[in-house]
Amino acid sequence: MKIRPLHDRVVVRRSEEEKTTAGGILLPGSAAEKPNEGEIVAVGQGRVLNNGEVHPLAVKVGDKVLFGQYAGSNVVKVDGEELLIMNESEIFAVLEG
């Protein structure tokens, strides 16, 4: 199944959770923090402005992005995979390099 977000929304696949701390301590699943980064898997057409024009998004499919802890509170399952749906404005930065 494919998913196509509308307007200025993006679909993000969250990166894997960290299983160990920086000091090397193994964390159980419930204690591991969910990462605030992921990869964009789908984007909408853009934000519709008041004059009817569509402003394209600054991100594209494949971009690695950083987002806030509470961003993407809309979680959907597509083909057994959990994906986040968020507005482009909830993305803080694109990771390059």
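## Strand pairing

Two strands are said to pair if DSSP finds at least two bridges between them. The model described here is a predicted one. In it, strand β1, residues 9–14, is joined to strand β7, residues 81–87, by four bridges. These two strands run antiparallel. Within this pair, R9 stands opposite N87 of β7.

Strand β7 also has a link to β6, again in an antiparallel arrangement, through five bridges. Here K77 has E82 in β7 as its bridge partner. The hairpin of β6 and β7 has two residues between the strands, and D79 in this hairpin takes a positive phi near 55°.

## The sheet as a whole

These pairings belong to an open sheet of six strands. Read across the sheet, the order is β6-β7-β1-β2-β5-β8, and the pairing is antiparallel. The edges are formed by β6 (74–78) and β8 (91–95), each of which pairs on one side only. With direction ignored, neighbouring strands of this sheet are turned by 45° against each other on average.

In a regular strand, side chains alternate between the two faces of the sheet.

## Nonpolar cores

The largest nonpolar core holds 11 residues in all. It consists of V10, V12, I40, L57, V59, V65, F67, A71, L84, M86 and I91. Strands β1, β5 (64–67) and β7 each supply at least two residues of this core.

Another core, of five residues, lies apart from the largest one. Among its members are V11, A42, L83 and I85.

## The second largest pocket

Rolling a probe the size of a water molecule over the atoms shows where empty space is left. The second largest pocket has a volume of about 170 Å³. Its lining is made up of M1, K2, I3, R4, R13, V41, A42, V78, D79, E81 and L83. The elements that give two or more residues to this lining are β2 (37–43) and β7.

Notes: Residues are numbered from 1 along each chain as its sequence is written. This is a predicted model: local features need pLDDT of at least 70, side-chain atom pairs count only at pLDDT 80 or more; totals for chains, interfaces and linings use all residues. Side-chain values use heavy atoms; hydrogens and water are left out. Axes are lines fitted to C-alpha atoms, for helices over the stretch in contact, and angles run from 0 to 180 degrees between N-to-C directions. On a 1 Å grid over the protein atoms alone, a cavity is a set of points where a 1.4 Å probe fits but cannot get out, and a pocket is an open set with protein on both sides within 12 Å along at least five of seven lines; lining residues have an atom within 4 Å of a point. Grid points are joined across faces, edges and corners, and a volume is the space filled by probe spheres set on the points. A nonpolar core is a set of buried Ala, Val, Leu, Ile, Met, Phe, Trp, Tyr and Cys residues joined through side-chain atoms within 4.5 Å. Buried means under 20% relative accessible area, exposed over 50%, partly exposed in between (1.4 Å probe, protein chains only).
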